[in-house]
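Please inspect the sequence and the model before reading each solution.

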Amino acid sequence: MSWYQDSPEPSLELMALAGGGPNDAIIDVGGGASGLVDALVDRKYRDLTVLDISGAALSIVRKRLGPVGDGVALIEADITRWQPQRRFDIWHDRAAFHFLTRPEDQAAYIRNLLAGLRSGGHIVLATFAPDGPEKCSGLDTVRHDAESLAKLLGPRFDLLHSRKHDHETPWGAVQRF
C-alpha cells in the first residue's frame, strides 16, 4: 500500500483549481481503497464514482463509508476494457495511468477518457515523475512529466497546471509524482 496517504490534499487542491464543486460528476480512476472519496463525501459532493480493478479494494471503501456512501457508485473494472456509460466533469487518476506500460493500454485508457469526460471537463492526472520509481508494488511503471502526458493526451486538452509532489510512503520512502 505504498500509495496510501493520510490526506488527499494534493488531489483536492488540483480539483479545486479545475473549478470542481459539489455538483460536479467526478470519477476517481484507480481509486481503490484511497481516502479521496471519503474526503469528497465529507465535503458534500453528491455525484461520485470510484473505478478500480480490485473488487476487494472497493469493498473496503463500501464498508468504510457505510450509509453516508450509499450514493457513491463503485465500479469494478479494468480501465482499458471499461466503457463509460456517462460523462464526468472531473476525471481523477492519482496513480493508475503509470501502470499502463503498453502503448495499446495507454491508447485504450485515453479512448475511455475521451468517451467519459464531458466537453469542457477536466482531468487531474498524477503519475510517477521522470525521477520516480521504475517499479511499484512489484509492477513496472511508466514515468511522465507534463510534456510527455500532453503529448500522449493530444491536442484536445490544454494544460492548466502542473506540479511536482513528493509522496512519502507509510514506511518513509519518497515517491516522486
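A residue is called buried under 20% relative accessible area, exposed over 50% and partly exposed in between (1.4 Å probe, protein chains only). Helices (H or I, at least four residues) and strands (E, at least two) are DSSP runs numbered from the N terminus. The model is predicted: local features need pLDDT of at least 70, side-chain atom pairs count only at pLDDT 80 or more, and totals for chains, interfaces and linings use all residues. Residues are numbered from 1 along each chain as its sequence is written, and side-chain values use heavy atoms, with hydrogens and water left out.

**Exercise 1.** Determine which residues of helix α3 are buried, and what they pack against.

*Step 1.* In α3 (residues 55–65), the buried residues are Gly55, Ala57, Leu58, Val61 and Leu65.

*Step 2.* These residues lie on the same side of α3, because they cover an arc of only 160° around the axis; the arc is taken from the directions from the helix axis to the C-beta atoms.

*Step 3.* Ala56 and Lys63, on the other side of α3, are exposed.

*Step 4.* With contact meaning heavy atoms within 4.5 Å, the buried residues of α3 pack against α2 (36–42), β2 (47–52) and β3 (73–76).

**Exercise 2.** State the strand order of the sheet and identify which strands stand at its edges.

*Step 1.* Two strands pair if DSSP finds at least two bridges between them. Five strands form an open sheet with parallel pairing, in the order β3-β2-β1-β4-β5.

*Step 2.* β3 and β5 (117–125) are at the edges with a single partner strand each, so one side of each lacks a neighbour in the sheet.
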